[in-house]
Amino acid sequence: MALTLDTSTITHGIQLAVAPVFLLTAVSGMIGAVAGRLARIIDRARVIEDRARDKAEPEFLARAYEELADLQLRGRLANGCIGLLTFCAFLIGITIILLFLGETTDFQANRFAVGGFLAGVVSFLLALVCFFTETLLATRLLDFHMLQNEVEHKR
């Protein structure tokens, strides 16, 4: 594996590697957003657990257990999303290395680079599905018991 030190070849290799870097930027932004959502899920679960320990009212406990189950599912989806995004970032990093090596050496890495990039994009898309599912669950959980009680009292 001979190393080519021609500056135009190295420049072209860097140009090839720049496109996947934009995907890495999107991935890092998504990880930050999902990590924030996961933190809020955890905080909400702690609040519900603390309130459930203090109350013995059966109706409240039933709602608390239901909400905790939903929060657990949302947390698992967020964790899965972060895992897929991390795997995507890893694959894109490998793609960048392969593109650079393929351009600066006689190592034939093009097929591996294409495969790594496509696998990274698939991983990103699966993470988006997890993210979308988690947000759908979050909005489905908007129950607003106080508003429901207000509507029932007006009847």
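**Figure 1. Asp 70, a buried residue of helix 2.** At 15% relative accessibility, Asp 70 counts as buried, where buried means under 20% relative accessible area, exposed over 50%, and partly exposed in between (1.4 Å probe, protein chains only). Asp 70 lies in helix 2; helices (H or I, at least four residues) and strands (E, at least two) are DSSP runs, numbered from the N terminus. The model shown is predicted: local features need pLDDT of at least 70, side-chain atom pairs count only at pLDDT 80 or more, and totals for chains, interfaces and linings use all residues. Residues are numbered from 1 along each chain as its sequence is written, and side-chain values use heavy atoms, with hydrogens and water left out. Which residues does Asp 70 contact, leaving aside its neighbours within four places in sequence? They are Arg 140 and Leu 141, contact meaning heavy atoms within 4.5 Å.

**Figure 2. The salt bridge between Asp 70 and Arg 140.** The side chains of these two residues, Asp 70 and Arg 140, meet in a salt bridge with an N to O distance of 3.6 Å. A salt bridge is defined as a side-chain nitrogen of Lys or Arg within 4 Å of a carboxyl oxygen of Asp or Glu. Distant parts of the chain are linked by this pair, since Asp 70 belongs to helix 2 and Arg 140 to helix 3, 70 residues apart. Whereas Asp 70 is buried, Arg 140 is exposed, with a relative accessible area of 53%.

**Figure 3. The salt bridge between Arg 37 and Glu 134.** A search of the whole structure finds six salt bridges. In one of them, the side chains of Arg 37 and Glu 134 meet at 2.6 Å, N to O. Why does the pair tie together parts that are 97 residues apart in sequence? The reason is that Arg 37 lies in helix 1 (residues 7-54), while Glu 134 lies in helix 3 (residues 110-140). Arg 37 is partly exposed, with a relative accessible area of 26%, but Glu 134 is buried, at 2%.

Figure 4. Glu 134 lies in helix 3. Not counting residues up to four places away in sequence, Glu 134 touches Arg 37, Ile 41, Arg 74 and Leu 77. The C-alpha atoms of Glu 134 and Cys 81 are 9.3 Å apart in space, and these two residues are 53 residues apart in sequence.

**Figure 5. The salt bridge between Glu 67 and Arg 44.** Arg 44 and Glu 67 form a salt bridge, in which the closest N and O atoms are 2.7 Å apart. Here too the pair links distant parts of the chain: Glu 67 is in helix 2 (residues 58-104) and Arg 44 in helix 1, 23 residues apart. Are the two partners buried or partly exposed? Glu 67 is partly exposed, with a relative accessible area of 23%, and Arg 44 is partly exposed as well, with a value of 32%.

**Figure 6. The crossing of helix 2 and helix 3.** The axes of these helices, helix 2 and helix 3, come within 8 Å and cross at roughly 160 degrees. That angle makes helix 2 roughly antiparallel to helix 3. Axes are lines fitted to C-alpha atoms, for helices over the stretch in contact, and angles run from 0 to 180 degrees between N-to-C directions. Angles under 35 degrees count as roughly parallel, over 145 as roughly antiparallel, 65 to 115 as roughly perpendicular and the rest as oblique. The crossing of helix 2 and helix 3 is left-handed, a term used if the near helix is turned anticlockwise from the far one by less than a right angle, and right-handed if clockwise.

**Figure 7. Ser 123 in helix 3.** Ser 123 lies in helix 3 and is buried, with a relative accessible area of 4%. What does Ser 123 touch, not counting residues up to four places away in sequence? Its partners are Leu 84, Phe 87 and Cys 88.

**Figure 8. Leu 98 in helix 2.** Leu 98 lies in helix 2 and is buried, with a relative accessible area of 14%. Leu 98 touches Phe 107, Ala 109, Phe 112 and Ala 113, when residues up to four places away in sequence are not counted. Between the C-alpha atoms of Leu 98 and Arg 111, which are 13 residues apart along the chain, the separation is 9.4 Å.
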